[in-house]
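Biologist: Hi! Could you show me the model, so that we can go through some helix packing together?

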Amino acid sequence: MSKSIVITSGKGGVGKTTVTANLGIALAIRGKKVVLVDGDIGLNNLDVCMHIEDRIVYDIGDVVKNKCTVSQCLVPFCDNLFVLPATSMSASLITTLQFMEIIDKLKETFDYIFIDCPAGIENSFHRAVKGADEAIIVTTPHISSVRDAYKVSRVLSSYRLAKQGLIINRMHGGNVIDKTMISAKDITNALQLELYGVVPESNDINLYSIISELKPNSAPYFSYNLIAQYIDGESKKIYDYTAPYKGFFNKLLRKLSQ
Amino acid sequence: MKKEPKGNLLRLRQIILSDDINIPNSTVEILKTDTKNFFNNHFKMDNNSFEMHISVDDDGFYQVNLNFKAMDMYDIKVIK
């Protein structure tokens, strides 16, 4: 059964687009048919993140204007992963009903539809959420980001979503051990959401890094795969972001590097 | 000087609690936004004219009064 999941956060710059791209890639690697929809119409970036910006012929605006069909608009990333690019046209030109119709059309073909939601809780946010069955809220451990995640979760509770999950991005295990960063457990308790996974801060991942470019033994690659497995119905395993910082030698290395 | 995470956690809890108190009618606000969005799909609305009042009448029923001005009504198009 097809499932549409909106990736949202409230605050901008926490990694929604990167999480959307990486979960899509991880599920496609597992053999699922996935489409990533850029819901950030007008301020689109998913195309850049997926390195497909020079292969776009049509975008979601052309579908709405009946210039092309939904399937003609899709840009392939690999065999079973596609991107529905957004447009630089005004976001207000695409209505919620049109957006929901497009998502329904995609459900006929794909196992998973990930909607990259714009930041904020304005009209564009509501349009993106209306197309979703489930939501994943992305936050970083910073107070401002967690606060906005809480506000978004409150807004989302008014929608009839089957599930609301949480992904904590850019957790630094060393800082949590050093007690300079709030732990994932404390953030989850404060937000009262189900924790889907933790993506560690890592030198392997830069802004807009996608896991197909990462080493399979890198921490972000491993953690995104654990989250994808859970979304795909397997048992939940949370990446232990403090593990690389535990033990005598790791503590010594950190002391020496300070 | 190291910041105590418990201090940060306490600060976070205080902020969330304060947000909760300061936005007591968020459900009504969401309802307004949703309704406004819905009618925006069908009408070229004067958004400033949109008003929604929710009250409870003497029999205990919600009474929802909606008022807005629209310049035009859109055709319903089907996505191919």
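Biologist: What is the handedness of the crossing of α1(A) and α10(A)?

Modeller: Keep in mind that this is a predicted model. The axes of helix α1 (residues 16–29) and helix α10 (residues 219–231) of chain A come within 9 Å and cross at roughly 70°. Angles of 65 to 115 degrees count as roughly perpendicular, so α1(A) is roughly perpendicular to α10(A). The crossing of the two is right-handed.

Biologist: How many nonpolar, polar and charged residues are in the contact of α1(A) with α10(A)?

Modeller: From α1(A), residues including A:Val19, A:Leu23 and A:Leu27 take part, and they meet a set in α10(A) that includes A:Tyr224 and A:Ile231. Sorted by class, the contact has 10 nonpolar, three polar and no charged residues.

Biologist: Is A:Ser183 buried or exposed?

Modeller: You can find A:Ser183 in the loop between α8 (173–177) and α9 (184–191) of chain A. Among its contacts are A:Met171, A:Val176 and A:Tyr241. The relative accessible area of A:Ser183 is 16%, and buried means under 20%, so A:Ser183 is buried.

Biologist: Which residue's backbone nitrogen does the side chain of A:Ser183 reach?

Modeller: Look for a pair of atoms at 3.2 Å. The side chain of A:Ser183 reaches the backbone nitrogen of A:Asp186.

Terms used
Residues numbered from 1 in each chain as written. Chains lettered and ligands numbered in written order. Predicted model: local features only at pLDDT ≥ 70, side-chain atom pairs only at ≥ 80, totals over all residues. Heavy atoms only, no water. Helix = DSSP H or I, 4+ residues; strand = E, 2+ residues; numbered from the N terminus. Buried < 20%, exposed > 50% of the residue type's maximum accessible area, 1.4 Å probe, protein only. Polar contact = N/O pair within 3.5 Å; in protein donor to acceptor, adjacent residues only side chain to side chain. Contact = heavy atoms within 4.5 Å. Axes fitted to C-alpha atoms, helices over the stretch in contact; angles between N-to-C directions. Parallel < 35°, antiparallel > 145°, perpendicular 65-115°, else oblique. Left-handed = near helix turned anticlockwise from the far one by under 90°. Nonpolar A, V, L, I, M, F, W, Y, C, P; charged D, E, K, R; others polar. Lists of a residue's contacts leave out its neighbours within four places in sequence.
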